[in-house]
Amino acid sequence: MTDVLVPGGRDVRASLDTADPDGESADACVVACPPHPQHRGHRGDERLRAVSDVLTAGGVDCLRFDYGDWDEGYGERADARNAVAWARARYDRVGLFGFSFGGCVALLVGSEGEVDAVSALAPTARLASDLDAVASMADIDCPAQVVYATRDDTADWEPVVERARELGVETVEFSADHFFVGQSGKVGDAVGEWLLGVL
């Protein structure tokens, strides 16, 4: 793991998990967006780590970052964009993954055409009226995946899953709550293996 300061005018710090710390650099990287920073979301989240473990075991690096100061979703989206730009400058292929609040961020940034794949775990539908993941999903022009939990009563995920199905985006269902208690390993496999297959 290497510490990274993501450029872009906000204090955004990240951890780069490398597939082969002693050998050649990977040619693909996944940027991982954490859950809501005002609810203790951070780059060390166990679901982000589980996905990163599968990715690095499969030869893909993972950049897990913390958002800068709270900015109602706008700055956090910019943080994800800047993390993607950092990865894009260093890797041939860049994927994007996020959990909960970070899942919405991933879908929003994924709709801007700068990534090669996007996966959202238990994403909420919107961060603000003009930060609407459901509305942006039609603009995603790369492979996409939405993973959700049937007992999730935290995030407003149903509109995202409905739109994903309308668009033919892959959906994966877990019988779990929002936090996938006891199932982080299975989440890591579902997301990580899918990303490895499309990057």
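Which helix is the place of A57? I started my notebook here and found A57 in helix α1, residues 46-57. For helices I take DSSP runs of H or I with at least four residues, for strands runs of E with at least two, both numbered from the N terminus.

**Ground rules.** I am working on a predicted model, where local features need pLDDT of at least 70 and side-chain atom pairs count only at pLDDT 80 or more, while totals for chains, interfaces and linings use all residues. Residues are numbered from 1 along each chain as its sequence is written, and side-chain values use heavy atoms, with hydrogens and water left out.

**Overall build.** I noted six helices and ten strands in the protein. The C-alpha trace spans about 40 × 35 × 30 Å along its principal axes.

**Surface and charge.** The mean positions of the 17 positive and 36 negative charges are 2 Å apart. Here Lys and Arg count as positive and Asp and Glu as negative, without His and the chain ends, and each charge is placed at NZ of Lys, CZ of Arg, CG of Asp or CD of Glu.

**Burial.** My cut-offs are under 20% relative accessible area for buried and over 50% for exposed, with partly exposed in between (1.4 Å probe, protein chains only). Buried residues make up 56% of the 199 residues. Back at A57, I found 71% relative accessibility, so A57 counts as exposed. From A57 to V191 I get 13 Å, C-alpha to C-alpha, across 134 residues of sequence.

**Cores.** A nonpolar core is a set of buried Ala, Val, Leu, Ile, Met, Phe, Trp, Tyr and Cys residues joined through side-chain atoms within 4.5 Å. Which members of the largest one touch the most other members? They are V31, L63, F65 and L96, out of 47 residues. Helix α3 (residues 101-110) gives the largest share of this core, seven residues. Apart from this core lies another of 24 residues, including L48 and F97. Ten of the ten residues of α3 are buried, so the helix is largely enclosed by the rest of the structure.

**Contacts.** I count a contact when heavy atoms are within 4.5 Å. Among contacts between residues at least 6 apart in sequence, 70% join residues at least 24 apart. Beyond four places in sequence, the contacts of L96 include V30, V31, A106 and V109.

**Two more residues.** Is A149 buried or exposed? A149 is buried, at 0% relative accessible area, and sits in strand β9, residues 144-149. Beyond four places in sequence, A149 touches W157, F174, A176, D177 and F180. I also checked Q183, in the loop between β10 (170-174) and α6 (184-198). Its relative accessibility is 14%, so Q183 counts as buried. Leaving aside neighbours within four places, Q183 is in contact with F174, S175 and A176. A50 is 9.8 Å from Q183, C-alpha to C-alpha, and 133 residues away in sequence.
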